[in-house]
Amino acid sequence: MLVGGCRERATTSDQRATSDRQPTSDDNAWFADTAPQSGLTFTHFNGMSGEFYYPEIMPPGVALLDYDNDGDLDRLFRNDLVVDGRGGRTLRFTDVTGSSGIDAHGYGMGAATGDYDNDGCVDLYVTALGSNQLFHNNCNGTFTDVTRASHTDSRGWSVSAAFVDYDRDGWLDLFVGHYLNYRLEGNIRCFGLAGGPDYCPPHVYTPEPSRLYRNNRDGTFTDATAAAGLATEFGPALGVATADFNGDGWIDIYVANDGQPNQLWTNQRDGTFKNTALLAGAALGAEGEAKSSMGVDAADFDNDGDEDLFITELTGQGVDLYVNNGSGVFEEQSARAGLRQPTLPFTGFGAAWLDVDNDGWLDLLTVNGAVTQNVEASARHEAFPLQQRKQLFRNVGGGRFEEVTVRGGAVLQASEVSRGAAFGDIDNDGDIDVVVGNASGPPHLLVNNIGQRAHWIGVRLVGGETPRDMVGARVAIARSDGSTLWRRARSDGSYASANDPRVLAGLGDSTKPPTVRVRWPGGRVEEWRAVPVDRYTTLKEGTGMGVSAR
């Protein structure tokens, strides 16, 4: 596991241990923060100097990756998860940054993960204000900086990035979202409503073009931005999600822009893309306005077989929920779903669809923090007065949600300046946990205390010729009651963060092994029957029962 940001202040480098079921003030809380006891004891520092430099309010992102292929997710703090004979789990994290070879330069923002050279080991791309860096995993616990050799030296200001096989050749390409044209020496002074100095809005700077790098399959990349048709339209990109939105079997790219129309780059299946966001109804808010989009995630929240979109926004705007009609055309339904009103007071960053209670319906978690100073917090002379609490929404079916933040636990109700959030099953107990990156504060490790009470199925999808995670693969889980859950293997989404690429789906009370159908990124469709419940199973491309693509 890696936490991004410009700097970290460690409070200890000792390895510590904790049970993942620590007592809390509320024994029924859905999440418990176990970061301090498990060894995640450091404080992010954004370098703020009182000059209100714009980049101070943007990091840190978080990445979850199994860099040593031992079956659990790391930080670089290495996850030394221990499972006893009775199934009890103890999380231990060890800081291995010094021995890993990761030497990040510049003012760090976030990260993307993916095995770009198909050697079976997850590589790491770090975004920054300045020069981004690509670290090759040497498969021995160390990394090598291959930025220049790989031709991925994307300079400027990048926040989110995503590895994606957009041309279906079996090799991961790389999309890098660029934000604003900013230089420290050109910092513009802005003022808040109270008249004092404050952080600027994004429109005072011009946006930078994003970049698309095509994998040459020899350890290098070619900048394909212009050739792919992405050079002429761009905005201040913050969030990126890749998915097959129109169901044609080719991965598309959705970009959340800050203060300008969002983009839906629909794959034309010939190496090029076309921005269809405006015609598809996914570029603007419900009233036709460009919003301050930041975090984004794609998933099938209504269980109808297509990829929907959720996007976090600025205080006063409310989130966006774009519901897919199955053909890549969307309708914004946040108000109807019960999400618009309760999110108006918050500025959301990291966010994801996750089935918190494993009932088969995807819920939502957003981590929040303002971008202009809170007057009340400033009056208390707080050093970084942008604090807001988090929000958890439970999917109650029928396209509607209810806020259950209080049930989520005290850690969700604490006011902080939260930015990145990475989602994955950190303790391998069958439910989704969350790591939250806080600006100028300690991270949180939110261990899920409710999901494992229900049944579940977990699958890791790997290639036939290479053992890498096949991000972009779609999974249909046919349950015994005749219903089907659709999930996607992905590491992108949220904000400046990278997620667990394994697929985990809740089954509720059902113990009958379901049938799993996988549509691989290259187009092949295979099926596995009676896949075991309450455990993880690795499915390898080419070993299932072939079925006709629909």
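Reader: Which order do the strands of the open sheet of 4 strands have, and is the pairing parallel or antiparallel?

Author: As a general idea, the strands of a sheet pair through backbone hydrogen bonds, and the pairing may be either parallel or antiparallel. In this predicted model, the open sheet of 4 strands runs in the order 28-29-30-31, and its pairing is antiparallel.

Reader: Which strands stand at the edges of that sheet?

Author: The edges are taken by strand 28 (348-354) and strand 31 (400-403), and each of them has a single partner strand, so one side of each is left without a neighbour in the sheet. From one strand to the next, the twist averages 25 degrees.

Reader: How many bridges join strand 28 and strand 29, and which residue stands opposite Trp353?

Author: Strand 28 pairs with strand 29 (residues 363-368) over 5 bridges, in the antiparallel sense. Within this part of the sheet, Trp353 has Leu364 of strand 29 standing opposite.

Reader: I would like to turn to the cysteines; how many disulfides does the count come to, and what pattern do they follow?

Author: The count comes to 2 disulfides, and when the bonded cysteines are counted along the chain, the pattern is 1-2, 3-4. One of the disulfides joins Cys121 to Cys139, with 2.1 Å from S to S. Cys121 lies in the loop between strand 10 (107-114) and strand 11 (123-131), while Cys139 lies in the loop between strand 12 (133-137) and strand 13 (143-145), so the pair ties together parts that are 18 residues apart in sequence.

Reader: Where in the chain do Cys190 and Cys200 lie?

Author: A disulfide joins Cys190 to Cys200, with 2.0 Å from S to S. Cys190 belongs to strand 16 (residues 190-191) and Cys200 to the loop between strand 17 (197-198) and strand 18 (211-215), 10 residues apart. The torsion about the S-S bond of Cys190 and Cys200 is about 100 degrees, so this disulfide is right-handed, and both Cys190 and Cys200 are buried.

Reader: How many aromatic pairs does the structure hold, and which residues form the aromatic cluster that includes Trp157?

Author: The structure holds 20 aromatic pairs. Among them is the stacked pair of Phe42 and Phe77, whose rings lie 5.7 Å centre to centre with 20 degrees between the planes. This pair links distant parts of the chain, since Phe42 is in strand 5 (residues 42-44) and Phe77 in strand 7 (residues 77-79), 35 residues apart. Phe42 counts as buried at 3% relative accessibility, and Phe77 is buried too, with a relative accessible area of 4%. As for the cluster, Trp157 forms it together with Tyr54, Tyr179, Tyr182 and Tyr205.

Reader: Where does pLDDT stay under 50?

Author: Where pLDDT is low, the predicted coordinates should not be read in detail. Here the mean pLDDT of the protein is 92, and 93% of its residues reach 70 or more, but pLDDT stays under 50 over residues 5-25. For residues 5-25 the model has 67 contacts beyond four places in sequence.

Technical notes
Residues are numbered from 1 along each chain as its sequence is written. This is a predicted model: local features need pLDDT of at least 70, side-chain atom pairs count only at pLDDT 80 or more; totals for chains, interfaces and linings use all residues. Side-chain values use heavy atoms; hydrogens and water are left out. pLDDT is the predictor's confidence in each residue, from 0 to 100. Contact means heavy atoms within 4.5 Å. A disulfide is a pair of cysteine sulfur atoms within 2.5 Å. Helices (H or I, at least four residues) and strands (E, at least two) are DSSP runs, numbered from the N terminus. Buried means under 20% relative accessible area, exposed over 50%, partly exposed in between (1.4 Å probe, protein chains only). Two strands pair if DSSP finds at least two bridges between them. Axes are lines fitted to C-alpha atoms, for helices over the stretch in contact, and angles run from 0 to 180 degrees between N-to-C directions. Rings of Phe, Tyr and Trp (its six-membered ring) pair if their centres lie within 6.5 Å; planes under 30 degrees apart count as stacked, over 60 as edge-to-face and the rest as tilted.
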